[in-house]
Structure formats: C-alpha cells, structure tokens
Amino acid sequence: QLGEMLVMNYRVAELEPRQRAMLDFAWKLTTAPWEVDAPEREKLTDAGLTQDEIFDLSDVIAFFNMSNRFAIASDMMPNPEYHGMSRE
C-alpha cells in the first residue's frame, strides 16, 4: 500500500517528518525549481538532514529530472524487459 501511495500521491502516506521533508523538497525542486531557496533547504536541516545528505538528495533529484527530460525529448522508450522487472 505504501508503494502505491508514494506513486499516486505521497502526501496521503504516513511518513516520518524526515521522509516527508525530503519528498516535499523533491516535489518542489522538480515542479518549481525557481522557488527552492535557503528556507527550503532549512526545512531539510530542521528535519535532521546534514549538508552532505542535502547534497546527495539534490544530486539524485537533479539526475532523475535530467534523465527523464532527455528521455521525453528524444522519445526514448524503456525496453519491454524493464516493464516486467520485479512485478508480479
């Protein structure tokens, strides 16, 4: 159930404050990067993330966004084997 909630709308999932802060940051960095500023990063430190963890989180979010935008722009489709992986 948690996985489905995270895919559909992470805001309905019962999460620890640290996890919620990371997902809120990921959402904002993905949908409105121009709004990410010092107060947004302070929310992460308030939730217990270190500067190194914020760097790593930002790196993963940025790479995910870049690779997806590239895939969209180049009309790249996953191979059929991908869709059958780890799924019942």
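This is a predicted model: local features need pLDDT of at least 70, side-chain atom pairs count only at pLDDT 80 or more; totals for chains, interfaces and linings use all residues.
How are helix 3 and helix 4 oriented to each other?

Residues are numbered from 1 along each chain as its sequence is written, and side-chain values use heavy atoms, with hydrogens and water left out.

**Stop 1: the core**

Select Ala 21, Phe 25, Ala 26, Leu 29, Val 36, Leu 44, Leu 49, Ile 54, Leu 57 and Ile 61, and you have the largest nonpolar core, 10 residues in all. A nonpolar core here is a set of buried Ala, Val, Leu, Ile, Met, Phe, Trp, Tyr and Cys residues joined through side-chain atoms within 4.5 Å. Buried means under 20% relative accessible area, exposed over 50%, and partly exposed in between (1.4 Å probe, protein chains only). Two or more of the core residues come from each of helix 2 (17–31) and helix 4 (51–73), and helix 2 gives the most, with four. Helices are DSSP runs (H or I, at least four residues), numbered from the N terminus.

Now click on Leu 49. Ignoring neighbours within four places in sequence, Leu 49 is in contact with Arg 18, Met 22, Leu 44, Ile 54 and Leu 57; contact means heavy atoms within 4.5 Å.

**Stop 2: helix 2 against helix 3**

Show helix 2 and helix 3 together. Their axes come within 9 Å and cross at roughly 160°. Axes are lines fitted to C-alpha atoms, for helices over the stretch in contact, and angles run from 0 to 180 degrees between N-to-C directions. That makes helix 2 roughly antiparallel to helix 3; the label covers angles over 145 degrees, with under 35 counted as roughly parallel, 65 to 115 as roughly perpendicular and the rest as oblique. To see the contact, pick Ala 21, Met 22, Phe 25 and Lys 28 on helix 2, then Glu 40, Arg 41, Lys 43 and Leu 44 on helix 3.

**Stop 3: helix 3 against helix 4**

Helix 3 and helix 4 pack at an angle of about 120°, with their axes 10 Å apart. These two helices are therefore oblique to each other, which settles the opening question. Select Arg 41, Leu 44 and Thr 45 in helix 3; they meet Gln 51, Ile 54 and Leu 57 in helix 4.

**Stop 4: the salt bridges**

How many salt bridges does a search of the whole structure find? There are four, counting a side-chain nitrogen of Lys or Arg within 4 Å of a carboxyl oxygen of Asp or Glu.

Start with Glu 53 and Arg 18, whose side chains meet in a salt bridge (3.0 Å, N to O). Glu 53 lies in helix 4 and Arg 18 in helix 2, so the pair ties together parts that are 35 residues apart in sequence. Glu 53 is partly exposed at 30% relative accessibility, and Arg 18 is partly exposed at 31%.

Next, select Lys 28, Glu 35, Glu 40 and Lys 43, which are linked in a network of salt bridges. Glu 35 pairs with Lys 28, the closest N and O atoms being 3.6 Å apart. Glu 40 and Lys 43 pair at 3.3 Å, N to O, and both lie in helix 3 (residues 38–46), three residues apart, about one turn of the helix. Is Glu 40 buried or exposed? Glu 40 is buried, with a relative accessible area of 11%, whereas Lys 43 counts as partly exposed at 48%.
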